[in-house]
Amino acid sequence: AIGGHPIARNNLACQEEEDGRLDRAVKHWVIAANLGNDVSLRSLRKFIKKGLVGKEEYASALCGYQTAVDATKSHQRELAESFKAMCEEKSSQSE
């Protein structure tokens with residue numbers, strides 16, 4: 001997790017939540033959301049509703065999440081995704 005893997009951060013957050021260390025869980029979820037992990041962002045949203053995460057903290061994580069997601073977008077990636085969808089569609093039609 002220290003190396004910055006978002007799924008590892010999310011897993012750490014879940015473990016911290018189970019252990020009752022919600023402040024630490026929130027920190028891990030914020031870091032994971034800033035790395036583009038949508039599961040962590042949803043967890044933070046859940047904790048806003050419980051009053052354990054402030055709206056400013058969530059807004060900051062949301063901005064970081066969007067920045068990370070935008071950084072992974074490229075024309076080549078979009079072409080690959082549309083090609084994959086087309087192949088999956090043809091595969092399901094032939095079954």
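This is a predicted model: local features need pLDDT of at least 70, side-chain atom pairs count only at pLDDT 80 or more; totals for chains, interfaces and linings use all residues.
Helix 2 and helix 3 cross in a left-handed way. Two packed helices are described by the angle between their axes and the distance between the axes. For helix 2 and helix 3, the angle is about 140° and the axes are 8 Å apart. That angle makes helix 2 oblique to helix 3.

Which residues make this contact? From helix 2 come L22, V26, W29, V30, A32 and A33. From helix 3 come S40, L41, S43, L44 and F47. Sorted by class, the contact of helix 2 with helix 3 holds nine nonpolar residues and two polar ones. No charged residue takes part.

Now follow helix 3 to its other partner. Helix 3 covers residues 38-49, and helix 4 covers residues 55-71. Their axes come within 10 Å and cross at roughly 165°. Angles over 145 degrees count as roughly antiparallel, so helix 3 is roughly antiparallel to helix 4. Here too the crossing is left-handed.

On the helix 3 side of this second contact stand D38, L41, L44, R45 and I48. They meet Y58, A61, L62 and Y65 of helix 4. Seven residues of the contact of helix 3 with helix 4 are nonpolar and two are charged. None is polar.

In helix 3, L41 takes part in the contact with helix 2 and in the contact with helix 4. Leaving aside residues up to four places away in sequence, L41 touches A33, Y58, A61, L62 and Y65.

One more residue of helix 2 is worth a stop: I31. Is I31 buried, partly exposed or exposed? Its relative accessible area is 34%. Buried means under 20% and exposed means over 50%, so I31 counts as partly exposed.

Technical notes
Residues are numbered from 1 along each chain as its sequence is written. Side-chain values use heavy atoms; hydrogens and water are left out. Axes are lines fitted to C-alpha atoms, for helices over the stretch in contact, and angles run from 0 to 180 degrees between N-to-C directions. Helices (H or I, at least four residues) and strands (E, at least two) are DSSP runs, numbered from the N terminus. Angles under 35 degrees count as roughly parallel, over 145 as roughly antiparallel, 65 to 115 as roughly perpendicular and the rest as oblique. A crossing is left-handed if the near helix is turned anticlockwise from the far one by less than a right angle, and right-handed if clockwise. Contact means heavy atoms within 4.5 Å. Ala, Val, Leu, Ile, Met, Phe, Trp, Tyr, Cys and Pro count as nonpolar, Asp, Glu, Lys and Arg as charged, and the others, Gly among them, as polar. Buried means under 20% relative accessible area, exposed over 50%, partly exposed in between (1.4 Å probe, protein chains only).
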